Protein chains: 2
Amino acid sequence: MFEKFFSDRILSTPSSFIREILKVTQKPEIISFAGGLPNPVSFPQEELKVSMNRIAETFGDKIYQYSTTMGLDSLREYIVERYKKIWSMDINIDNVIITTGSQQALDLLGKVFLNENDKVMVEKPSYLGLLQAFCLYKANFIQTKLDDEGLDIDELKNTIKTHKPKLAYLIPNFQNPTGLTYSAQNRKEVFEVIKNEDMILIQDDPYGELRFEEGKRIPYIGLNETDKNIYLGSFSKIVTPGMRLGFIIANKEIIKMVETAKQASDLHSNIFAQYLISDYLYNNDLERHIEKIKKLYKSQSESMVSAMKKYFPKNIKFTIPKGGMFTWVTLEEGKSSVDLFNRAIKKNVAFVPGDPFYVNQTNVNTLRLNYTNADSKTIEEGIKRLNEAMLEI
Amino acid sequence: MFEKFFSDRILSTPSSFIREILKVTQKPEIISFAGGLPNPVSFPQEELKVSMNRIAETFGDKIYQYSTTMGLDSLREYIVERYKKIWSMDINIDNVIITTGSQQALDLLGKVFLNENDKVMVEKPSYLGLLQAFCLYKANFIQTKLDDEGLDIDELKNTIKTHKPKLAYLIPNFQNPTGLTYSAQNRKEVFEVIKNEDMILIQDDPYGELRFEEGKRIPYIGLNETDKNIYLGSFSKIVTPGMRLGFIIANKEIIKMVETAKQASDLHSNIFAQYLISDYLYNNDLERHIEKIKKLYKSQSESMVSAMKKYFPKNIKFTIPKGGMFTWVTLEEGKSSVDLFNRAIKKNVAFVPGDPFYVNQTNVNTLRLNYTNADSKTIEEGIKRLNEAMLEI
């Protein structure tokens, strides 16, 4: 009845494939690798409870009142100090805006940059949430192949030359959906290709803190070498996703435009949450907390990798994650992961077929597995069932 | 440097006029009627502190985890029951989606309905936040005159006939910026004019609960008579704005599209805040709390009205508010409220000139005064100063 009223943009936006899948996987007998939820161990619940009572005492009505679009100064200051320390970035709080989760950062960047049909380079496969967000601004996506080292440089050169994209969106660390990480060498090569182009590069990094090996942070592409870089970060994977707090770091001119877009989008992000997370960060040892999360995820990823090695046929490829929450499985050429899903669900194991991570491509032979919400026994049992399902397609 | 990258939509969105004004009005010696902040008395701080500790005990990690795009069931259920009770609406939770403040509701409705140049009827003057939000979707606004009774029916008929707008956006109760309220008769007449049109009517009602006189709620336009009505509500003026929680009530088909748009915009609203407000609402007497807010605002509005009667020349018109947070002053024909602002600020009194509430119109002779953040003595002194400034233009 309302179809004639709806905008072209919303009618062309795919409804959530994953959400439909998650409905099927709710049953308790199903082992689900389909979700993308952080393990609850990553929420410092006791510390947050202390913080919430402290901010109520300290700040009174300020934690409930309207606030500024840019976000709480102390939280932005924390982010500045952290990025200065880790990455030697030359930034101050005018380079940082708080967003309602990283998802809102994507929406705001779409608002600020995209005219209809503007070309956006994304990885192949790419993050579903970005595809949805930019679809609403009628982006013209070009996907560039992602492999074990990062972007395929030849394909990248070709993409740049042929399409001259206005924006590129990349997830250099422990990518969602693939779990892949760009090597240091690949990052340098990518920057060589793009550095003289009229292109803004968005690097989304929700998982960057969750690197399993110590002392091996790899710098962002073109770090500190260009003003055309935009960095996205989030507290969702290291403190709490339910509070919906992320941030954008960029040139001030860009941040100013994002501020206008954000004002029209939700005025400002929840200020109670900003006081809470700020208080938590200044009064606790974040590194120790992150260590705890990493230790758990590392052991879970190892359980999954060894189960896959044990049960999967040799021609099935998968990512060995260096961090983050996902691995990515590639079936034999010609197989469909949607077919596999339909078999797997009957054996009470679930995952996300690769389809929604591609633009205009279906029945792909890839799939995403999440390992952060199961113990090693459950992981082994799930992978075993998955292998049984594979034999049927 | 980045201008060439920015979208047409963001370059055509006015930067915030009010925000610039608020910067000038920060000085402690200034009496400011410029803001739009609820009085902190409207935040039930002690009760919220009890609730936050209770939800932490009761729901554990759920209050920190990712959640559903539609919002917390118990909160949506509360809204359903309230609207059923007050308005006899035939709705269930599928008709309700939680938004990140009412401002996000506007953004989402823009996403869902607007193609470039689609016509949107708004009041003259209209809410600045709506003009900004829909400007980003390149709406073509048509403003229809608002007076003491509501919309000017002749002008409305003419607007509908000439422009055939796709959407209309109205604030029937204690409108921002004017403080005006549509009479019951006017609402009926408006519905008679629009009921057979192919038009969606959005009724935004953030102030509806703050009616100063008892027992006199006036039904929405076309209440329970059409599926083409969308109702917006908010907890910002009756519990807390800092938590950013609003909601949309509409036909399920519309809500489903809004859900897709919201998923791409911020995944879901802060779930801690939803548990918190839900717990507060189920465990406290909201009506009594609202009474307290109304009593204060009523006395503040009376102070402002009597000061205006005392000091302003007889040819200056103003709204006598029946609720809400604002009054609206109309200077003599030909005078500019921006001129007045420049004089007033030198006398240490501030307000918002009418300009940003109009589409393509500047140097108007109207202005907005907020009365919810000053005591009667301060209000009288501010109005006295404002009158002195008026004598200079």
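Modeller: Here is a short tour of helix pairs, a core and a chain contact. This is a predicted model, where local features need pLDDT of at least 70, side-chain atom pairs count only at pLDDT 80 or more, and totals for chains, interfaces and linings use all residues. Residues are numbered from 1 along each chain as its sequence is written, and chains are lettered from A and ligands numbered from 1 in the order in which they are written.

Biologist: How are two packed helices described?

Modeller: By the angle between their axes and the distance between the axes. Helices (H or I, at least four residues) are DSSP runs, numbered from the N terminus. Axes are lines fitted to C-alpha atoms over the stretch in contact, and angles run from 0 to 180 degrees between N-to-C directions. In chain A, the axes of helix 7 (residues 153-163) and helix 8 (residues 184-194) come within 10 Å and cross at roughly 20°. Helix 7 of chain A and helix 8 of chain A are therefore roughly parallel (angles under 35 degrees; over 145 is roughly antiparallel, 65 to 115 roughly perpendicular, the rest oblique).

Biologist: Which residues of helix 7 of chain A and helix 8 of chain A meet?

Modeller: A:Ile153, A:Leu156, A:Lys157 and A:Ile160 of helix 7 meet A:Glu189, A:Val190, A:Val193 and A:Ile194 of helix 8. Being in contact means that C-beta atoms, placed from the backbone, lie within 7 Å.

Biologist: At what angle do helix 12 and helix 13 of chain B cross?

Modeller: Roughly 125°, with the axes of helix 12 (residues 337-346) and helix 13 (residues 376-390) of chain B coming within 9 Å. Helix 12 of chain B and helix 13 of chain B are therefore oblique to each other. On the helix 12 side, the contact is made by B:Leu340, B:Arg343 and B:Ala344; on the helix 13 side, by B:Arg385, B:Leu386, B:Ala389 and B:Met390.

Biologist: And what is a nonpolar core?

Modeller: A set of buried Ala, Val, Leu, Ile, Met, Phe, Trp, Tyr and Cys residues joined through C-beta atoms within 7 Å. Buried means that 20 or more other C-beta atoms lie within 10 Å of the residue's own (12 or fewer is exposed, in between partly exposed). The largest nonpolar core here has 213 residues, and A:Ile277 is among those touching the most other members. Helix 10 (residues 271-283) of chain A gives this core its largest share, eight residues. Not counting residues up to four places away in sequence, A:Ile277 touches A:Leu75, A:Phe235, A:Val239, A:Met243 and A:Leu245.

Biologist: How many residues does each chain give to the contact between chains A and B?

Modeller: Chain B gives 59 residues and chain A gives 59. Helix 9 of chain B gives the most to its side, with nine residues.

Conventions. Helices (H or I, at least four residues) and strands (E, at least two) are DSSP runs, numbered from the N terminus. Two residues are in contact if their C-beta atoms, placed from the backbone, lie within 7 Å.
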